[in-house]
Amino acid sequence: MPDWGRNTLELMVQELQRPVRVDDSFDRRVMVRVRRIYAERRHRGIVGWLAAAANVTRRPAWAAALAAGVVAVVSLSVLKKSPSTVPANGQAIPVQFVLVAPDAHSVAVVGDFNNWGLNDTALVAENHDGVWSVSAPVHTGVHRYAFLVNGKQWVADPTAPRAADDDFGQPSSALVVEASTQ
Amino acid sequence: MDSSDAALVARVLHGEVNAYSALVSRYRDKYARYAVHMLGNREDAEEALQDAFTRAYRSLARCEDPERFGAWLFRILVNRCRTSGARRVRRGQTFVHDETALLNASEEHPAEQTMWREEIERALGELSADQREAFLLKYVEELGYDEMAEITGVGVSALKMRVMRACDRLRVLLREVHSA
């Protein structure tokens, strides 16, 4: 019962600030949900890796790259083979970059859309059991990009058209981003 | 091993999913208090809290300042409580007072104290959701108005008005109980 000689609201707040303990099973219930999300994400990563493997069987030229431990896959609904027809218009479209590199310690995506990673603008990929991925909005238009493995190894995307060597003297891939018509 | 929020977030982002349980343990009781008082119902509060932790995990890479993971999580929880409250309004319920929300009080304090706590919870339930939110954030969670504005997206002046009206209303409600 409150002491009405003190401020009523002060007493109320004091009571409300008492700890509220959650049942011990709460943590388990949360972690069940979290692990399910994690498993779903891993599954998507594995699916991506399997898709890459399937592509390799159709395109034997990539087998050497796989044996070298680095195979790259760009998952792009907007990737086209004829870049010359697509002008840049400034609209940004989400693009997911995926690289299978089990032995890598870090993977980043650098391209003309992020100033080739200068001033810490590289897109740092997340590792899902050797499948590295990162999504980023890229403006519509024709772009060049590459994967930067372990901060120093410049890897072109074997699934994408090879871009002509540019001033960096490094291999890079061509990316064409079109606005979705769906 | 570094057990700071930032370190745990980094471990989770690098695939060590179990590190997230340390963050759950760290914040569950603290934030359960807000959810229980905001929703007045332990079941809804736990659901909102679970949703908040799950959403935070899904979006962890978007936590711009991992050192302040707790504040980021709390903002998500406040939004989940708003959503839960709005859903109840659509169902025709407003503030569902639940005895189990008083579990700790009834276990640790004598009957008179439990009655006092019930009166408090009923008075809180009489407030509008906006006023209850502002009052709890200001006085129970002890946030500054700038922090409250950041969390709620409401301007400082409006928040001050809500807190003032909540206090006025609570004083009236609690005095009515004791003069009855």
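Author: This is a predicted model. A strand here is a DSSP run of E with at least two residues, and a helix is a run of H or I with at least four. By that rule chain A has 3 helices and 10 strands.

Reader: What pattern does chain A follow along the sequence?

Author: Chain A reads α-α-α-β-β-β-β-β-β-β-β-β-β.

Reader: How many of the residues of chain A count as buried?

Author: Of its 182 residues, 28% do. Each of these has 20 or more other C-beta atoms within 10 Å of its own, so the label applies.

Reader: Why are Leu49(B) and Ala35(B) said to be in contact?

Author: The cut-off is 7 Å between C-beta atoms, and this pair meets it, therefore the two are in contact. Leaving aside neighbours within four places in sequence, Leu49(B) also touches Arg28(B), Tyr31(B), Ala32(B) and Leu77(B).

Reader: Where do chains A and B touch, and how many residues take part?

Author: The contact takes 32 residues from chain B and 27 from chain A. On chain B, the helices that each supply at least two residues include α3 (42-58) and α9 (156-179). The largest share of that side, 10 residues, comes from α2(B). By class, the side has 16 nonpolar, 8 polar and 8 charged residues.

How values were computed: Residues are numbered from 1 along each chain as its sequence is written. Chains are lettered from A and ligands numbered from 1 in the order in which they are written. This is a predicted model: local features need pLDDT of at least 70, side-chain atom pairs count only at pLDDT 80 or more; totals for chains, interfaces and linings use all residues. Ala, Val, Leu, Ile, Met, Phe, Trp, Tyr, Cys and Pro count as nonpolar, Asp, Glu, Lys and Arg as charged, and the others, Gly among them, as polar. A residue is buried if 20 or more other C-beta atoms lie within 10 Å of its own, exposed if 12 or fewer, and partly exposed in between; C-beta atoms are placed from the backbone.
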